[in-house]
Amino acid sequence: MQIDIEEYYKQYGPMVLRRCRSILRDPNKAMDAMQDVFVNLMRYRDKLTGQYPSSLLYRMATNICLNILRRDKLGPQATDDEILQEIAGSDDIHGAFEARDVVDRIFTDEKESTKTIAVLYHLDGLTLDEVAEEVGMSVSGVRKRLRNLREKVNNLKEV
């Protein structure tokens, strides 16, 4: 079954944009991410079956946004002015750096799918069933990954 990209854009574009905005919290980056989702959809349209389009687009948006966040974190893209504004705008610089460090330690050796699970469950508020469907795992598998993350967090608290 051939995928109608234009129809998908009309029907699911707002959902994809909401998803991108919720993760990136930057309207311009969210628009770029949404465009990337549909560009990738066009690129791989011959390989896709057209089943569960909303789940597919939701997952593509999540992955693209997580990649953007990762790229932004790794790359020296922030100018000195942006860094200064971020520091000036923060009420608790030490707390923000500490929180970022804790999150980095939690996810350092985790699979990409575990990060996606954590975002879907804790940030987006999806149920275990919904997360399992999104990532293509069993509910018990999702539960186990979340339990392992909680144990990791508890271990970090003890250190």
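A: Let's start with the overall build: the protein chain has 8 helices and 0 strands, so in order along the sequence the pattern reads α-α-α-α-α-α-α-α. Keep in mind that this is a predicted model. Of its 159 residues, 31% count as buried. As for contacts between residues at least 6 apart in sequence, 65% of them join residues at least 24 apart.

Now for the part you asked about. The largest nonpolar core has 34 residues, and those with the most contacts inside it are Val16, Val37, Phe38, Leu57 and Val142. Which elements give two or more residues to this core? They are helix 1 (5-24), helix 2 (27-43), helix 3 (53-74), helix 6 (112-123), helix 7 (128-135) and helix 8 (139-158). Helix 1 gives the most, with 9 residues.

If you skip its neighbours within four places in sequence, Val16 is in contact with Met34, Val37, Phe38, Leu57 and Ala61. Val37, Phe38 and Leu57 are also on that list of residues with the most contacts inside the core.

Next, have a look at how two of the contributing helices meet. Helix 6 and helix 8 pack at an angle of about 90°, and their axes are 10 Å apart. Because of that angle, helix 6 counts as roughly perpendicular to helix 8. On the helix 6 side, the contact is made by Ser113, Thr114, Ile117, Ala118, Tyr121 and His122. On the helix 8 side, you'll find Val142, Arg145, Leu146 and Leu149. Taken together, the residues of this contact split into 6 nonpolar, 3 polar and 1 charged.

Two other residues are worth a stop. Asn40 is found in helix 2. Not counting residues up to four places away in sequence, Asn40 touches Met60 and Ile64. Asn40 and Ile64 are 24 residues apart in sequence, and their C-alpha atoms are 9.8 Å apart in space. Then there's Ser55, which lies in helix 3. Is Ser55 buried or exposed? Ser55 counts as buried, because its relative accessibility is 17% and the cut-off for buried is under 20%. Leaving aside neighbours within four places in sequence, Ser55 is in contact with Glu133 and Glu134.

For contrast, step out to the loops. Most residues other than glycine have a negative phi. Arg25, in the loop between helix 1 and helix 2, has a positive phi near 55°. With 64% relative accessibility, Arg25 counts as exposed. Tyr52 sits in the loop between helix 2 and helix 3, and its phi is also positive, near 50°. Tyr52 counts as exposed too, because its relative accessibility is 61%.

Finally, how far does the predictor trust all this? The protein chain averages a pLDDT of 81, and 82% of the residues score at least 70. Confidence is highest in helix 2, at 93, and lowest in helix 4 (residues 80-89), at a mean of 47. Over residues 76-81, pLDDT stays under 50, and the model has 4 contacts beyond four places in sequence for that stretch.

Notes
Residues are numbered from 1 along each chain as its sequence is written. This is a predicted model: local features need pLDDT of at least 70, side-chain atom pairs count only at pLDDT 80 or more; totals for chains, interfaces and linings use all residues. Side-chain values use heavy atoms; hydrogens and water are left out. A nonpolar core is a set of buried Ala, Val, Leu, Ile, Met, Phe, Trp, Tyr and Cys residues joined through side-chain atoms within 4.5 Å. Buried means under 20% relative accessible area, exposed over 50%, partly exposed in between (1.4 Å probe, protein chains only). Helices (H or I, at least four residues) and strands (E, at least two) are DSSP runs, numbered from the N terminus. Contact means heavy atoms within 4.5 Å. Axes are lines fitted to C-alpha atoms, for helices over the stretch in contact, and angles run from 0 to 180 degrees between N-to-C directions. Angles under 35 degrees count as roughly parallel, over 145 as roughly antiparallel, 65 to 115 as roughly perpendicular and the rest as oblique. Ala, Val, Leu, Ile, Met, Phe, Trp, Tyr, Cys and Pro count as nonpolar, Asp, Glu, Lys and Arg as charged, and the others, Gly among them, as polar. pLDDT is the predictor's confidence in each residue, from 0 to 100.
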